[in-house]
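I opened my notebook to look through this structure one feature at a time. Here is what I jotted down.

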Amino acid sequence: MKERLEQLRKEALEHIEGAKDLKEIQQIRITYLGKKGPITDILRGMKNLAPEERPKIGALANEVRETITEKIEKKWKELEQAAIQRKLAEESIDVTLPGRKMTVGNRHPLTRVIEEVEDLFIGLGYTVAEGPEVETDYYNFEALNIPKDHPARDMQDSFYITNDLLMRTQTSPVQARTMEKAKGKGPIKIICPGKTFRRDNDDATHSHQFMQIEGLVVDENIRMSDLYGTLEYFAKKIFGNDRQIRLRPSFFPFTEPSLEMDISCKICGGKGCHVCKGSGWIEILGAGMVHPNVLRMNGFDPEKYSGFAFGVGVERIAMLKYGIDDIRHFYTNDVRFLHQFFQKD
Ligand SMILES: [Zn+2]
């Protein structure tokens, strides 16, 4: 019995030493230490031994089992380390290869302008309102004091889906929807940025799809001077403190009185050049005091409430701000154009 145990120990240790991978070690463990293995077998056969032999053989059997267990664990660790090293070696990076360039995107110039204007007005206590791009004739025209036969509709021909549904020609329907929801109770202070559509032939300054940001304030005692202050603040924040503003009387069906705002030309400082077509001024936006009819139609009492509204083209701001000469650049998404705005972020 003693010889058999010694023989087992020798044999097992040789096997362990020769094992080449973890799978083999696992097999050796089962063979020698498993429930059906030779050591278990010997321990089970102890009852057949002479009583004085039992403790000696028992102790030896345990010792052999411990030695084999230890060796297996040691070898297991060695093989495991070797496997990791091999894997690392296989997956090593050749640092002499040139790196692959990661292209990082940047915000579209129109998005940047919208965010800048939004930030500015949020700072003045406005909220941002949005509405559907497919509108009803009512919200797009009638609620804004442009009845069916009004000549102003000629300038805003659009894409009609049905007789009553169209792609909105302005973001003003959001103003009408907001006033209607307020149910005649002020104050309202919103800006509405968004896409608008008109049937237009695309050229350097016209596009059938473009973006607007409109603003609306309705409250008691809102005066023309409030509009003036707001527009001047907007112009100087967006285009620079050195710019002058000029208001000219104009006409829009939904405001009375109506005006257009110009800013002094940055290129010539007001002397006149090809950019401002010799006038020294550049047209920026339309605005005015909300027409009493519009207030009334949208549930506000014009005797109690007054307000102002303004609308500006996002493309126009971006073109002036970044010196872009063709509106179509915004939509063709040529990365050579878009990447020029990368540094400015
Ligand atoms: Zn000029």
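Predicted model: local features only at pLDDT ≥ 70, side-chain atom pairs only at ≥ 80, totals over all residues.

**Entry 1**

I found an open sheet of 7 strands, ordered E1-E4-E5-E9-E8-E7-E6, with mixed pairing. Strand E1 (127-128) and strand E6 (245-252) sit at the edges; each has a single partner strand, so one side of each has no neighbour in the sheet. I noted a reminder for myself: strands of a sheet pair through backbone hydrogen bonds, either parallel or antiparallel.

Next I asked in which sense E1 and E4 pair. E1 pairs with strand E4 (residues 188-197) in the parallel sense, over 2 bridges. Looking at that pair, I saw Thr-127 opposite Ile-190 in E4.

**Entry 1: the zinc ion**

Which residues hold the donors of the zinc ion? I wrote down Cys-265, Cys-268, Cys-273 and Cys-276, each giving its SG atom, at 2.2 to 2.3 Å from the zinc ion. Along the chain, the donors follow the spacing C-x2-C-x4-C-x2-C.

Why is the arrangement tetrahedral? The 4 donor atoms subtend angles of 107 to 115° around the zinc ion, and that makes it tetrahedral. For my own reference, the ideal angle for four tetrahedral donors is 109.5 degrees.

**Entry 2: the cavity**

Searching the whole structure for cavities of 30 Å³ or more, I got 1. The largest cavity holds about 40 Å³ of space. Its lining includes Leu-144, Gln-175, Met-179 and Phe-254. I sorted the lining residues into 6 nonpolar, 2 polar and no charged.

Note on methods
Residues numbered from 1 in each chain as written. Heavy atoms only, no water. Donors = N, O, S within 2.8 Å, 3.2 Å for Na, K, Ca; no water. Tetrahedral: all angles 85-135°; square planar, octahedral: opposite > 155°, others 65-115°. Pairing = 2+ DSSP bridges. Helix = DSSP H or I, 4+ residues; strand = E, 2+ residues; numbered from the N terminus. 1 Å grid on protein atoms, 1.4 Å probe; cavity = no way out; pocket = protein on both sides within 12 Å on 5 of 7 lines; lining within 4 Å. Points joined across faces, edges and corners; volume = space filled by probe spheres on them. Nonpolar A, V, L, I, M, F, W, Y, C, P; charged D, E, K, R; others polar.
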